[in-house]
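Please look over the sequence and the model shown here before reading on.

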Amino acid sequence: MRSRTGLVALVTVVLGAAAACGPGTGGRPGSSPVPPQADHQVMRLAAAIAAPTSPRQVRAGFEQLLGLHALLAVRQMRSVVATAPDVGQAAGVALQTNTDGLTRLVASAYGGAQADGFTKLWQRHLADLLAYAKGVAGHDPSAKQQARAALLADADAYGSWLQGASKGRVRAGEAAAGVRMHVEELMAQADAYAAGDYGRAYRIERQAYEHMFTAGAGLAKASVTPEVAVGLDTPPERLRSAFAMLLGEHLELIVEAQRATFAGSPQFQAAAAQVNANTTALTKAMAALVGTAKAEEFETAWANHVEGLLAYTAAVAGNDQNAKTAAKQNLDGFAERLGLYFSDIVKNVLATDPLTKAITAHDTHLINQVDAYAAKDYPRAQQMELEGYQQMLEVANTLVSAIQRTVKPQLPVGGSQTGGGGMACRRR
């Protein structure tokens, strides 16, 4: 998004009030346990991809669940550092259900016996990440070192597992290297967050999401023969993956910026910087497809959309009902503009009204998310986030399908935008 000084200043002004009346760190007195609905949307996402009918669906499923795993792990670790147990509990429930979804997908791709081995490794991985966060929170270097050693051992164990599960198509050292990068990123963001270096913490979080999302391609390709795996690297498949990653990332980074509004100006500024970075990446992707001029139109419309969401967040933090109403009205107008834009670039293959409704639904998820978070209803905030994440992935698939029928994409080669890298490296 464009960095409009007025909006940033507006959000910054209300941060002091938000810190006083917004979500606290010690939990809500008398709060109820996390209801079953808290993880319903992760279950829905997992169910939608746990019984895939094609290798492409396997790839998409691993991408979605692994990317989400990174974000949920970050939030759980930060909740420990910030002493926010209610936030951590909601993230932990979703994280466990995400693991269940991954297990079912591994079973579908590699078989039930391999899924059992994966589950044991992944559960240990989660426990060791939590142990590291506790060491950070307790200023305990010995506990941190012990957890770090355990996490690196987990990476080696994963490498051995994947080499066996893939029948040697992936070498243990390559797979272990991907997980080592993942755990190093999660440990580094926790250290940076605890030190108040929020710029670094939020920057690493975004990198961790992208690395894990793109790891899905490697994990999917390792489950099939090289001949089948070639079909997972076609330009249309890379385009789908890139837009799914960036639009899912957009949703999640807005959530981070919304929640950071209640944590203080330094966190908000750091989170907003990553929203900007995502918008820049989306604009570059659009330019490759539709040219610079049309991409600039997208950037303007998208920036208005993002800033409208943050204006609503500022109104929530400031408890300003009039400003909330005005922000909602503005968001409706921005949704119409984006609907027209997307319909135009795909030459009306997709009608404007359904596109506008999809963007409005996206906005509604984020509005409901921040309302729930401000009310300290963290399970509902988590639920809204997960609904929004799934919906944005669906929007990405719809748009890419239309784009493929109407434009000739000049796709990037290599790197995270094409689905390379991750926990299971590409074959050599």
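The model is a predicted one. The count of aromatic pairs comes to 13. Two of these pairs are set out in the table.

| Aromatic pair | Centre to centre | Angle between planes | Arrangement |
|---|---|---|---|
| Phe118 and Trp161 | 5.6 Å | 50° | tilted |
| Phe262 and Tyr373 | 5.8 Å | 50° | tilted |

The pair of Phe118 and Trp161 links distant parts of the chain: Phe118 belongs to helix α5 (residues 112-137) and Trp161 to helix α6 (residues 141-165), 43 residues apart. Phe118 and Trp161 are both buried. Together with Tyr110, Trp122 and Tyr158, these residues form one aromatic cluster.

Phe262 and Tyr373 likewise link distant parts of the chain, being 111 residues apart. Phe262 is placed in the loop between α10 (235-261) and α11 (265-290), whereas Tyr373 is in helix α14 (residues 352-374). Both Phe262 and Tyr373 are buried.

A further part of the description concerns helices α3 and α7. The axes of α3 (residues 55-81) and α7 (residues 172-194) come within 10 Å and cross at roughly 35°, and the crossing is right-handed. On the α3 side, the contact is made by His69, Ala70, Ala73, Val74, Met77, Arg78 and Val81. On the α7 side, His182, Leu186, Gln189, Ala190, Tyr193 and Ala194 take part. Nine residues of this contact are nonpolar, three are polar and one is charged.

Arg78, one of the α3 residues in that contact, also lies over the face of Tyr202, at 4.5 Å from the ring centre.

Notes: Residues are numbered from 1 along each chain as its sequence is written. This is a predicted model: local features need pLDDT of at least 70, side-chain atom pairs count only at pLDDT 80 or more; totals for chains, interfaces and linings use all residues. Side-chain values use heavy atoms; hydrogens and water are left out. Rings of Phe, Tyr and Trp (its six-membered ring) pair if their centres lie within 6.5 Å; planes under 30 degrees apart count as stacked, over 60 as edge-to-face and the rest as tilted. Helices (H or I, at least four residues) and strands (E, at least two) are DSSP runs, numbered from the N terminus. Buried means under 20% relative accessible area, exposed over 50%, partly exposed in between (1.4 Å probe, protein chains only). A charge sits over a ring if NZ of Lys or CZ of Arg is within 6 Å of the ring centre and within 35 degrees of the ring normal. Axes are lines fitted to C-alpha atoms, for helices over the stretch in contact, and angles run from 0 to 180 degrees between N-to-C directions. A crossing is left-handed if the near helix is turned anticlockwise from the far one by less than a right angle, and right-handed if clockwise. Contact means heavy atoms within 4.5 Å. Ala, Val, Leu, Ile, Met, Phe, Trp, Tyr, Cys and Pro count as nonpolar, Asp, Glu, Lys and Arg as charged, and the others, Gly among them, as polar.
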